[in-house]
Amino acid sequence: MDCFEHELTRRGRKDGHGNVKWSCVKISRILRNATYMGYIGYNKSKVNNFLEKKRIKNLDESTFILRKGDFEPIVTEALWRQCEEIRKNRIRTLQMPSGEERRQGTRIIQHLWVRKLRCRCGAGYNRFKWRVLQDGTPVYGYQCNFRTQNPAKSFVEKNHLAGQKSCDAISICEWKLTLMAKQIFDKL
């Protein structure tokens, strides 16, 4: 969504408060709001009791009640439903040790090598800034996710940590991966 923020700001589009400052939260709120497709949403929150009158958000979207409004929609219903489907496909539910369920969004991986690389331990790779050249150009590398979160195999062996999982994969510079891919495609 980062590119949407920049694009809306670049075009000078104003938010509901008249500001030209956009964030992921604002865009997400717009994409979830059925008012934009011409509907009014009910059962989105409730009051805890008649004395305190504390407003509690209803996080279960399946219990929302949507009624067609008598105002002009900003987007078509088909487009809004399509956005909702994409949004729901990017959310996964996690089971916490306490038994509580939490929802977490998943990001679409942008870098080719992060999507393709797998370590011999089975983990994926993450991208990091390896260094910066004298002209200011960043050089990126890739490292095993398991290796970044756990100690190195040499450290485990040196300290006799029995049962500690480890990975000894080394980091790979991005230009080397690009060079190897180019050589393979040239042969094909």
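Guide: A salt bridge here is a side-chain nitrogen of Lys or Arg within 4 Å of a carboxyl oxygen of Asp or Glu. What you're looking at is a predicted model, where local features need pLDDT of at least 70, side-chain atom pairs count only at pLDDT 80 or more, and totals for chains, interfaces and linings use all residues. Residues are numbered from 1 along each chain as its sequence is written, and side-chain values use heavy atoms, with hydrogens and water left out.

Visitor: What makes Asp15 and Lys26 a salt bridge?
Guide: Their side chains meet at 2.5 Å, N to O. That is within the limit, so the pair counts as a salt bridge. The structure holds eight of them.

Visitor: Why is this pair said to tie together parts of the structure?
Guide: Asp15 sits in the loop between helix 1 (2–10) and helix 2 (24–32), while Lys26 belongs to helix 2, so the link joins parts 11 residues apart in sequence.

Visitor: How do you know whether Asp15 is buried or exposed?
Guide: Check the relative accessible area: under 20% is buried, over 50% is exposed, and anything in between is partly exposed (1.4 Å probe, protein chains only). Asp15 comes out at 10%, so it's buried. Lys26, at 23%, is partly exposed.

Visitor: What makes Glu77, Arg81, Glu84 and Lys88 a network?
Guide: Salt bridges link the four. Among them, Arg81 meets Glu77 at 3.5 Å, N to O, and Glu84 at 3.6 Å. Both distances fall within the salt-bridge limit, so both pairs qualify. Arg81 and Glu77 are four residues apart in helix 3, and Arg81 and Glu84 are three apart in that helix. Glu84 has 15% relative accessible area, so it is buried, whereas Arg81 is partly exposed at 34%.

Visitor: How do you know that Arg87 is in contact with residues beyond its sequence neighbours?
Guide: Contact means heavy atoms within 4.5 Å. Leaving aside neighbours within four places in sequence, Arg87 is in contact with Arg32 and Glu61. At 15% relative accessibility, Arg87 is a buried residue of helix 3 (77–89).

Visitor: Why is Cys121 in no disulfide?
Guide: A disulfide is a pair of cysteine sulfur atoms within 2.5 Å. The nearest cysteine sulfur to that of Cys121 belongs to Cys144, 3.6 Å away. The structure holds zero disulfides. Cys121 is partly exposed, at 37%.

Visitor: What makes strand 7 and strand 8 a pair?
Guide: Two strands pair if DSSP finds at least two bridges between them. Strand 7 and strand 8 (138–144) have seven, in the antiparallel sense, so they pass.

Visitor: Why is strand 9 called an edge strand?
Guide: The open sheet runs in the order 7-8-9, with antiparallel pairing. Strand 7 (125–132) and strand 9 (172–173) each have a single partner strand, so one side of each lacks a neighbour in the sheet.

Terms used:
Helix = DSSP H or I, 4+ residues; strand = E, 2+ residues; numbered from the N terminus.
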